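Please keep the sequence and the 3D view at hand while reading the points below.

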Amino acid sequence: MPPVPRSPAPPPEPAPAPTERRRRSSGRVTLADVAKAAGVSPITASRALRRDRGVAADLVDKVAAAADALGYVPDPAARALASSRSSHVAVLVPMLSNRLFVDLLEAVQGVLQPAGYQSLIGVTHYDALEEEQLLRSYLAHRPAGLIVTGFERSEAGSRLVASSGLPCVHVMEMNGPGDVYCVGFSQHDAGAAITRHLLERGRRRIAFVGAQLDARVMQRLEGYRQVLAEAGLHDDALEWLDPRRSSIALGGELFAALRARHPDVDAIFFCNDDLAQGGLLAALRLGVSVPHEMAVAGFNDLEGSDQMLPPLTTVRTPRARIGAQAAGMLLALMRGEPGVPRQVDTGYELLVRGST
């Protein structure tokens, strides 16, 4: 029986081009795809998307239209590797549950975004090791610059910042070494100012109630100590320091405990407004008249402090101004502009209200 003839095998499909292979494996539209659609080389497409002055305007429009039609999104990591520059800035803050740092971050973003930079936001939770890990992770992405909170960090964290070679701006404090860039105010002087105000109101048994106990709280405490020591009125027993996170509930708890232990205290300087708000609420529950029996002061002028009964005396900290000026300083450093001041003191404002 004669063999049955076989149909010829179909010819093999041509191997996909390198860009096609990348598209099929990742689904991501590449710069090569944009260049092909616009009929230009990838280098020209890259220059056109950067709005390079050497590329004709009609070609820029053509490449932009192709990128838009394909849904192309530039890869910042690849751009950073290619140019040793990045469009990201790492910003490290202690927490986001406090409006203080939310206001600062919004101001930073408001300056950086129009300039073509995005923020890589890291939350350290007041933990030096956590901050160190964030620095290692973010520095691996080759950011263009850094904004960090304060000057206190681990030895390894300090080395990471110094060895990165990146422009770095410190915020919220002014007591750092003279060779760093910083925007903030003297926490020590602000703490001294509100303590001096309580003395001027005739208070003599003034307690300090602090929580979280980060470096800035301790600087406010030093200002309190200095003023009372100069007046011959400092008493170690009236310093109540609690490492727990600052909150309204904790403020109420500490107010009640302090009042029970030291009924002769006639004023309390709380290190943060949420603690002070809790103290005012506890005073209402306990029937303590504020300010007649007890004056209460806070710090940071957080939301709601002016609505308390009575309204809370506090220190207004210009966190939005600090964020905007820090971002502006960092932009100038990243651009290599001359004459950038190393320290900008934004000051603070003592707001005297009904609680004192």
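The structure shown is a predicted model. Within it, Pro291 is found in the loop between helix H12 (273-286) and strand E9.

**Prolines in loops**

- A cis peptide bond also joins Leu309 and Pro310, where omega is about -5 degrees.
- Pro310 lies in the loop that runs between E9 and strand E10 (314-316).
- Pro243 belongs to the loop between strand E7 (239-242) and helix H11 (248-261).
- Is Pro243 buried or exposed? With a relative accessibility of 61%, Pro243 counts as exposed, because the cut-off for that class is over 50%.
- Which residues does Pro243 touch, if residues up to four places away in sequence are not counted? Pro243 touches Gln212 and Leu213.
- Pro243 and Leu213 are 30 residues apart along the chain, yet their C-alpha atoms are separated by 5.7 Å.

**Residues with positive phi**

- Tyr126 is a residue other than glycine with a positive phi, near 60 degrees.
- Tyr126 sits in the loop between E2 and helix H7 (128-139), and at 29% relative accessibility Tyr126 counts as partly exposed.
- Arg142, likewise a residue other than glycine, has a positive phi near 55 degrees.
- The loop between H7 and E3 holds Arg142, which counts as partly exposed at 41% relative accessibility.

**The open sheet of six strands**

- In what order do the 6 strands of the open sheet stand? The order is E2-E1-E3-E4-E5-E11, and the pairing is parallel.
- Strand E2 (118-123) and strand E11 (343-345) stand at the edges of this sheet. Each has a single partner strand, so one side of each is left without a neighbour in the sheet.
- From one strand to the next, the twist averages 15 degrees.
- Strand E4 (residues 168-171) and strand E5 (residues 181-184) run parallel and are joined by 3 bridges.
- Within this part of the sheet, Val169 stands opposite Tyr181 in E5.
- Helix H13 (residues 319-334) lies across several strands, namely strand E1 (88-93), strand E3 (145-149), E4, E5 and E11. The helix runs at about 160 degrees to E5.

**Strand E8 and its partners**

- Strand E8 (residues 267-270) is covered on both faces. Ala267 and Phe269 lie on one side, Ile268 and Phe270 lie on the other, and all are buried.
- Strand E6 (residues 206-211) pairs with E8 in the parallel sense over 4 bridges.
- Ala207 has Ile268 in E8 as its bridge partner.
- E8 also pairs with strand E9 (residues 295-297) in the parallel sense, over 3 bridges.
- In this pairing, Ala267 stands opposite Ala295 in E9.

**Two packed helices**

- Two packed helices are described by the angle between their axes and by the distance between the axes.
- The axes of helix H3 (residues 42-49) and helix H4 (residues 57-70) come within 9 Å and cross at roughly 95 degrees.
- Why are H3 and H4 described as roughly perpendicular to each other? Angles of 65 to 115 degrees count as roughly perpendicular, and the crossing at roughly 95 degrees therefore places H3 and H4 in that class.
- H3 contributes Thr44, Ala45, Ala48 and Leu49 to the contact, while H4 contributes Leu59, Val60, Val63, Ala64 and Ala67.
- The residues of this contact of H3 with H4 divide into 8 nonpolar, 1 polar and no charged.

**Cysteines**

- How many disulfides are counted in the model? The count comes to 0 disulfides, where the rule asks for a pair of cysteine sulfur atoms within 2.5 Å.
- Cys182 has a relative accessibility of 0% and counts as buried, because the cut-off for buried is under 20%.
- Cys271 is buried too, with a relative accessible area of 2%.

Definitions and conventions. Residues are numbered from 1 along each chain as its sequence is written. This is a predicted model: local features need pLDDT of at least 70, side-chain atom pairs count only at pLDDT 80 or more; totals for chains, interfaces and linings use all residues. Side-chain values use heavy atoms; hydrogens and water are left out. Buried means under 20% relative accessible area, exposed over 50%, partly exposed in between (1.4 Å probe, protein chains only). Two strands pair if DSSP finds at least two bridges between them. Helices (H or I, at least four residues) and strands (E, at least two) are DSSP runs, numbered from the N terminus. Axes are lines fitted to C-alpha atoms, for helices over the stretch in contact, and angles run from 0 to 180 degrees between N-to-C directions. Contact means heavy atoms within 4.5 Å. Angles under 35 degrees count as roughly parallel, over 145 as roughly antiparallel, 65 to 115 as roughly perpendicular and the rest as oblique. Ala, Val, Leu, Ile, Met, Phe, Trp, Tyr, Cys and Pro count as nonpolar, Asp, Glu, Lys and Arg as charged, and the others, Gly among them, as polar.
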